[in-house]
Amino acid sequence: MQNYDIVVIGGGPAGLAAAAEAKKSGIDSILILERDHDLGGILNQCIHNGFGLHTFKEELTGPEYAQRFMDEVFDLKIEYKLNTMVMDITADKIVTAMNKTDGMFQIQAKAVILAMGCRERPRGALNIPGYRPAGIFSAGTAQRLVNIEGYMPGKEVVILGSGDIGLIMARRMTLEGAKVKVVAELMPYSGGLKRNIVQCLDDYGIPLKLSHTVVDIEGKERVTGITIAEVGPDMKPIPGTEEYYSCDTLLLSCGLLPENELSKTAGVELSPITSGPVVNDSLETNIEGIFACGNVLHVHDLVDFVSQEAANAGKNAAKYVKNGKTASTKEVKIKAACGVRYTVPCTIRPEEMDDTVTVRFRVGQVFKDSAITMYFGDEQVLKRKKQIMAPGEMEQVIIQKSKLADFPDISEITVKIETA
């Protein structure tokens, strides 16, 4: 059995930032475990720009952004193992992993940081009728094929889902010479950032059809065409609205799911809304000493926010290793209401929290000319007007410890959307 103070599971942007911050906070015994053959995670295949505007105040590509954090990990001489698959985590923080050099091995950690990222929702979860021909890819798989492997998935493309990866792949496939016929989105709003709709679809004349879905896939050996139809408020196709597109490729960009199989085996409580762990203000789960950050916690829109959150997790994991269990202090629940789908964190500890805690959330529908409000108990302490809010973009409020001190008996904080 090997012993480390902190084991970070995942060497993507979250894991790298968490490990670097833990090291800066005075913990030397840190190990990053990464299943891929490189550090950097999904950013290695995100060769488009738009990263780093918040963190570095400059526009970087995904690999450039990842390299900044990899360099920091190398400079700090933090240990890492590549091609290493973590098989199991127990509640007492024993991590079982394997690779071809060490075989199966176990590590006893004082703290574990979960940074496994997320995966794409598969076709099986979408219930699309038709055969199972070649030419159906998730958008992320197509991105890897084009940007890393150097293969073109197809020449005539239809994309289902308007998540950010789908939008970016509409532009990428066009630049590589493919014809993107249409992007169909089940919901009445796009799942991606507004800037990606403009830069990836509008700029290239690619139509976006909201409230549409794929109702049939044609072709036995290879996709030969697909049929889309409009859906009603009940999300069921409306007969008579079908449109046929000939194509050889269908890309699916229908949402991301936090990768939490390991979290479940450790007994970590998961949110039914985000599918990620339920955490407090220090990003600690219900299992003492196990922290979570990045897309394994909830799916972010910007990697800059992933890095900020992960640094916070690394700092708090280091504090936990140094000080041990914090005394059982009062917890205040953060309630999502009236259009707010969830909040991260779900609870805060007024005595233990930092001077400020950033609470991130997503709305459940498109809101226009509304306001984000926050209540301490029954008293409104924040009202911020917003012209437009959409599920594709994260929102946030900041809780100040000094303000919370004026409410010693508070048991609940509510974040909601109200009329402006």
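Modeller: Lys386 pairs with Glu395 in a salt bridge, with 3.1 Å between the closest N and O atoms. A salt bridge here means a side-chain nitrogen of Lys or Arg within 4 Å of a carboxyl oxygen of Asp or Glu. Glu395 is buried at 7% relative accessibility. Lys386 is partly exposed at 26%. The cut-offs are under 20% relative accessible area for buried, over 50% for exposed, and partly exposed in between, with a 1.4 Å probe and protein chains only.

Some of these bridges share partners: Arg35, Arg119, Glu259 and Glu261 are joined into one network.

The model is predicted: local features need pLDDT of at least 70, side-chain atom pairs count only at pLDDT 80 or more, and totals for chains, interfaces and linings use all residues. Residues are numbered from 1 along each chain as its sequence is written, and side-chain values use heavy atoms, with hydrogens and water left out.

Arg119 and Glu261 form a salt bridge, their closest N and O atoms 3.1 Å apart. Distant parts of the chain are linked: Arg119 is in strand β9 (residues 118-120), Glu261 is in helix α6 (residues 261-265), and 142 residues separate them. Helices (H or I, at least four residues) and strands (E, at least two) are DSSP runs, numbered from the N terminus. Both ends are partly exposed: Arg119 at 32% relative accessibility, Glu261 at 37%.

Next, Glu72 and Lys24. Their side chains meet in a salt bridge at 2.3 Å, N to O. Glu72 sits in helix α2 (residues 62-75) and Lys24 in helix α1 (residues 13-24), so the pair ties together parts 48 residues apart in sequence. Glu72 is partly exposed, at 22% relative accessible area.

How many salt bridges does the whole structure hold? A search finds 16. In general, side chains of opposite charge can pair when their charged atoms come close. The protein has 46 positive and 55 negative side chains. Lys and Arg count as positive, Asp and Glu as negative; His and the chain ends are not counted. The centres of the two sets lie 1 Å apart, with each charge placed at NZ of Lys, CZ of Arg, CG of Asp or CD of Glu.

The secondary structure comes to eight helices and 27 strands. Of the 420 residues, 54% count as buried. The radius of gyration is 22 Å, which agrees with the value near 22 Å for a compact globule of 420 residues. That radius is taken over C-alpha atoms, and the globule rule is 2.2 Å times the number of residues to the power 0.38. The C-alpha trace spans about 65 × 60 × 40 Å along its principal axes. Among contacts (heavy atoms within 4.5 Å) between residues at least 6 apart in sequence, 63% join residues at least 24 apart.

A few backbone points remain. Most residues other than glycine have a negative phi, and most peptide bonds are trans. The bond from Val344 to Pro345 is cis, with omega near 5°. Pro345 lies in the loop between β21 (340-344) and β22 (347-348). Lys57 has a positive phi, near 55°, and is exposed at 67% relative accessible area. Ser275 also has a positive phi, near 65°. Ser275 is partly exposed at 29%.
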